[in-house]
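User: Hi! Could you walk me through this structure while I have it open?
Analyst: Happy to, let's take a look together.
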Amino acid sequence: AIRLNWPYVDLDALIEETLEMSIPTIFETKGEIFFRKQEHVLLKNCLAENNSAVISLGGGTPCYANNHVFFENKEVESIYLKASIETLVERIKKSGTERPLLKDMENMPAFIGQHLFERSYYYNHARYRVTVDHKDI
């Protein structure tokens, strides 16, 4: 975003700011379906309002409400930052971010592996794929 001189939007941060609640609190009090609906609306609005922007999505975003269809728009340059299970486990642990769907740290590799498998169909709708193992963010 900085190199392109484009605005950067973190969709999860935008959801938290809009709803004035953390994502774990949204999941606890409103449920995942409510969260996914809000996520879809805000993504749709964000794409409509920003002709040129870098928008960071959570791992589940492409998998709900046909969000992956946005990637097929000719005006959207979508990039799937592909990482191995090991890289994802390491980054999640380092981030210290509380993730509602990832409470059991002991079974994290199995959980991530299952989700990568289940979500690969949606992730592969991205126009570009970049492997990010052993690379800084």
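User: Great. Where does S78 lie?
Analyst: This is a predicted model, and in it S78 lies in the loop between β2 (54–56) and β3 (79–82).
User: Is S78 buried or exposed?
Analyst: S78 is buried, because its relative accessibility is 6% and the cut-off for buried is under 20%.
User: And which residues does S78 touch, leaving out those up to four places away in sequence?
Analyst: With those set aside, S78 touches F71, H125, A126, R127 and Y128. For R127 there is a polar pairing too: a polar atom of the S78 side chain lies 2.8 Å from the backbone nitrogen of R127.
User: Nice. Switching topic, which residues make up the largest nonpolar core?
Analyst: The largest nonpolar core has nine residues, namely L11, I15, L19, I23, I26, F27, F35, L42 and L43. At least two residues of this core come from each of α1 (11–19), α2 (23–29) and α3 (32–49).
User: What does L11 touch, again skipping residues up to four places away?
Analyst: L11 touches E39, L42, L43, S56, L57 and T61.
User: Which residues does the second core include?
Analyst: That separate core has five residues, among them V89, L102, M108 and I112.
User: What about the surface, which residues form the nonpolar patch?
Analyst: I79, L81, Y128 and V130 form it, and together they have about 370 Å² of accessible area. Both β3 and β4 (128–131) supply at least two residues each to this patch.

Methods. Residues numbered from 1 in each chain as written. Predicted model: local features only at pLDDT ≥ 70, side-chain atom pairs only at ≥ 80, totals over all residues. Heavy atoms only, no water. Helix = DSSP H or I, 4+ residues; strand = E, 2+ residues; numbered from the N terminus. Buried < 20%, exposed > 50% of the residue type's maximum accessible area, 1.4 Å probe, protein only. Polar contact = N/O pair within 3.5 Å; in protein donor to acceptor, adjacent residues only side chain to side chain. Contact = heavy atoms within 4.5 Å. Core = buried A, V, L, I, M, F, W, Y, C linked by side-chain atoms within 4.5 Å. Patch = residues over 30% accessible without salt bridge, like charges linked within 9 Å, V, L, I, M, F, W, Y side chains within 5 Å. Areas by Shrake-Rupley, 256 points an atom, 1.4 Å probe, with all protein chains shown as cover. Salt bridge = Lys/Arg side-chain N within 4 Å of Asp/Glu carboxyl O.
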